[in-house]
Amino acid sequence: ANAALGFPGTKGEGAGELDLNSNSLDLNTDQKGFGVTPMVGIDWKINEHWNVAFKYEFKTRMRLKNKSQMNEFAASMAETNSVLGQFADGKKVAADIPSIHSFGVQYSPIQPLRFNAGFRFYGDKKATQYGDKQDDIDHNTWEASAGAEYDINKYLTVSCGYLRTQYGLSDAHMNDLSFSLSSNNIGLGFRVNVSERCALDCGYMQTCYEHRTVVTPSAAGNKTDNYERKNRVIGIGVTLSL
């Protein structure tokens, strides 16, 4: 990654503010870690019309070790800047994967038609992050989804879906290198059963992110950051049954 960025100090202290006009940050980082996530789940097919499922994924302790290359200015700032410090060469940083509660239900009024709904809740506030960033979370993330599938015939299935993702991040949790935005997702897809043992899946998804503006006080005055994203995805897959 190549960056020429201004980094706010920790919780408005301004200690990490950089002069964009005279300083350039060059940073290239690889982070590696290992974790184990236990999971438990229940899938209950009540009858030919209803199917419900629940899964719990435990919190995963994760520590990432940096292998970083920085220019001289970036290396000096990594010692004092709260954001850049997480990429210091050789440093291990906390990056726990939060616990996840997942619930899903499927209703099939007739054999070729299926309605699906799901809800997921993430334990973000109890997942340790670098610099105790989990303390800057106002509330845990949740997601709600709904979708439908219809078998037009034995060869072709069409589907559509919607997903709402709601983050609970405070302004202090957002920065130039890492940010998340609540979003609405819509998706369309189809499956072609090429044979009894082979199926081709194709899908399209578009994510509509919410724009967010964060104002951070600093010694030079208020610093305004506008966060936005765009995302479109096309997926193609092949399923083989042996």
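Predicted model: local features only at pLDDT ≥ 70, side-chain atom pairs only at ≥ 80, totals over all residues.
Biologist: What is phi of Asp132, and is Asp132 buried, partly exposed or exposed?
Modeller: Phi is near 55 degrees, a positive value in a residue that is not glycine. For accessibility, buried means under 20% and exposed means over 50%. Asp132 has 42% relative accessibility, so the class is partly exposed.

Biologist: Is Ser170 buried or exposed?
Modeller: Ser170 sits in the loop between strand S10 (156-166) and strand S11 (183-193). Its relative accessibility is 12%. The limit for burial is under 20%, so Ser170 counts as buried.

Biologist: Which residues does Ser170 contact, leaving aside neighbours within four places in sequence?
Modeller: Two are aspartates, Asp136 and Asp138. An arginine is also in contact with Ser170: Arg212.

Biologist: Which residues make up the largest nonpolar core?
Modeller: In soluble globular proteins, nonpolar side chains tend to be buried together. Here the largest such core has 7 residues in all. They are Ile137, Leu169, Met174, Phe179, Leu181, Val214 and Tyr227.

Biologist: Which residues does Val214 touch, not counting those up to four places away in sequence?
Modeller: Val214 belongs to that largest core. Met174 and Tyr227, also core members, are among its contacts.

Biologist: How many residues are in the second core?
Modeller: This core is separate. Its members include Leu25, Ala74, Leu84 and Phe87. The count is 6 residues.

Biologist: What is the area of the nonpolar surface patch that includes Trp44?
Modeller: Trp44 lies in strand S3, residues 39-45. Its relative accessible area is 52%, so Trp44 is exposed. The patch also includes Ile42, Ile46, Trp50, Tyr107 and Phe115. Its area is about 630 Å².

Biologist: Is Ile234 buried or exposed?
Modeller: Ile234 is part of strand S15, residues 230-240. Its relative accessible area is 69%. The cut-off is over 50%, so Ile234 is exposed.

Biologist: How many Å separate the C-alpha atoms of Ile234 and Leu188?
Modeller: Ile234 touches Gly203 and Tyr204, with residues up to four places away left out. Leu188 is 46 residues from Ile234 along the chain. Their C-alpha separation is 9.8 Å.

Terms used: Residues numbered from 1 in each chain as written. Heavy atoms only, no water. Patch = residues over 30% accessible without salt bridge, like charges linked within 9 Å, V, L, I, M, F, W, Y side chains within 5 Å. Areas by Shrake-Rupley, 256 points an atom, 1.4 Å probe, with all protein chains shown as cover. Salt bridge = Lys/Arg side-chain N within 4 Å of Asp/Glu carboxyl O. Helix = DSSP H or I, 4+ residues; strand = E, 2+ residues; numbered from the N terminus. Buried < 20%, exposed > 50% of the residue type's maximum accessible area, 1.4 Å probe, protein only. Contact = heavy atoms within 4.5 Å. Core = buried A, V, L, I, M, F, W, Y, C linked by side-chain atoms within 4.5 Å.
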